[in-house]
Amino acid sequence: ADIANQSQNTATQPEAAAAAAAVGDRAPTGSPVAVETAGRSCGYARWRLLVVVGLLIAPFFPASNFLFYVGTFIGERLLYMPSVGFCLLLADILGRLVPGAPAQLQGLGSSSGHSVATEHRHTNTGQPLSPAAAAAGSSSAALDSSSPSFSDWFREPHTKQDLQQQASRTAGLRRGLALLLLLLLSAAYAGRTMLRNMDWWDEERLFLSAEKVCPNSAKVQQNCGVLQRRYQNFGAAMSHFRRAQEIEPGYCEPSYWIALTRINQGDVTGGLAAMKESLSCKFTAAEGLQTLNKLYLMMHETAQSDPMPMVEWAAVLGSPKVLRVGDACATVEDAAQLAATVGKPGHYVDKIMDVCWQGIKAWKQAEPQDLSTDTMAGLARVRYAGTNATLLQKCVKLRLAVYRKMSGQKPESKVVRQALYRYIKRVQDKWPGCRTLAGGGASGVDDDRNARIPSTHQKLLHRVQLADPEDPWLQLEWGQTLIALGGKSSFKEAAMHMEVASAIFTKLMHQLQESGAPSTGQTARTSVGRKLAHVTALDGAVLTPESALEAAIMSLETFRTVAASADEADVRASYCDVLKRLCHLRLQMVVLVQHQTATAAGSPGDDRGVTAGLRQASSTKLVLNAKAAGRRCLMELSEQRGCEKQADEMRRLVGKGD
């Protein structure tokens, strides 16, 4: 019996500890074990608080709209980390169903002062058992513990061994229950995950599933409307978009889809107006502007002689919601050229130009600090910060005078040509910035020198130059514009235009000499002279041989100045050739002035078509000035490194004379 008792006590120590925990054995208050237990409980509480705050609340708090409106809807992307915290807390709850670690429970059992080996057994009457009875009871309990009956689960414990057996059975039951709950939860969440993954198969399934669980979500209603549009169910789509606006009046994205759907339903006028209103929404402003661009482009291609689609598109660009004033004015000027070409009157051109003036006014009134950089107007203010609204307004006014004259006139007509000459004269004298003012209102000069937007100045020159490619003033101005734009390719093209202009002016000089240039109030003596009578200077004065040669010299002199300071090697290589031709023209000017002086001296009483400018050229001062300019050019050519070949050619041409 003693041997059986000892083995039974040794085998049931863990169960005894469990029994002590089950019946509520507690260490005395203030004992070391009680303090340790309390500290362990506080540690568990701090851990749960860390999980709740660190993984449940903290990751979700920024998107909760609690402190400020974040502008997004709740979604699975915002619940990944909170889900981790939820799973940890759920595991903690399941773990509490399982008995604690054996070491902890043993410590609690030994601290109660009622050890299994030393505890006195009592009867149900409270009397101690005799040693023989205790041994017999222990032996009987050892035999019975191996096969407990169903009634043992509900029998009231009478001995410590009964308590141990009951605690062991309770612990096993709790473990089984925790395992069963874990399996059920895992199976339920696994099945739900599989079903949810099916919703993510495509957008259509995702939108439809979202509508089932969140029918009062504005975002869900909009997505369903977009889905209906794919199947061209525009009526159903409109219902979803309207419902989204009813749910969330401040939600602006549906306004874009409503406008687009109205256009698809055939209400183009109402759809365009609604699309312009949708530009206020920063989330769909870019798509709305792109849609309007496509629509107006289609309208223009359908009726290419109607300038109104271009005017309406310009009004959109210049509106306070967009603030692309440079593009707006450039588009209006294109419309003005089209209106003048199709024969619209001058007051019609003035009316459509009001769109540009309104855009400039909106630009000046919009303060950068008052505009948000996430709006289209704010972005335009940043992107086109270099826009010179004053210069833009002045350049447009100067070109407006040309557009008025173009109304009902051919581009090559004398009226249009004179108006264009006056404009070029103003640009050369006071407003050279008009040459490079491109779309957007900023300079068309590009840092990479690759591709740049053609300026409206270039478009106007090109319009008239198509009708008369041999107009030397247009060739000269085109070359000067390319020089102002800069760049390697521009210099090469500018050199070509400058040389063409110089050649045309030289040709005109010879023709005027042969025909006898008429003075003011006189008619030309020959047919060639009558043919050249329309050729004038930029200020409207009659073009004389001397003024034509001066214009030819000015063309090459402009390019020579730029080529001398250019960094490109091939541009500097052409400098010597340009300088040689320039010296040749200088020498021609000497010959021409001397000839005019001799002619004037030989026939003092007969003008014979010689203008006032030619009579002034007969003075000795002009001859000396021409010779001095020619001499300086030859000296520069001789001293310039790399121009030895050109200098030798000029020496052979001039000979040994002065």
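Author: The model is predicted, and local features need pLDDT of at least 70, side-chain atom pairs count only at pLDDT 80 or more, while totals for chains, interfaces and linings use all residues. Residues are numbered from 1 along each chain as its sequence is written, and side-chain values use heavy atoms, with hydrogens and water left out.

Reader: What is the phi of leucine 323?

Author: Most residues other than glycine have a negative phi. Leucine 323, although not a glycine, has a positive phi of about 60°, and this leucine 323 is found in the loop between α14 (308-317) and α15 (325-341), helices being DSSP runs (H or I, at least four residues) numbered from the N terminus.

Reader: At what angle do helix α19 and helix α21 pack?

Author: Two packed helices are described by the angle between their axes and the distance between the axes. Helix α19 (residues 389-406) and helix α21 (residues 456-465) pack at an angle of about 30°, their axes being 12 Å apart, where axes are lines fitted to C-alpha atoms over the stretch in contact and angles run from 0 to 180 degrees between N-to-C directions. The two helices α19 and α21 are therefore roughly parallel, a word for angles under 35 degrees.

Reader: Which residues make the contact?

Author: Arg399, Val402, Tyr403 and Met406 of α19 meet Thr456, His457, Leu460 and Arg463 of α21, contact meaning heavy atoms within 4.5 Å.

Notes. Angles under 35 degrees count as roughly parallel, over 145 as roughly antiparallel, 65 to 115 as roughly perpendicular and the rest as oblique.
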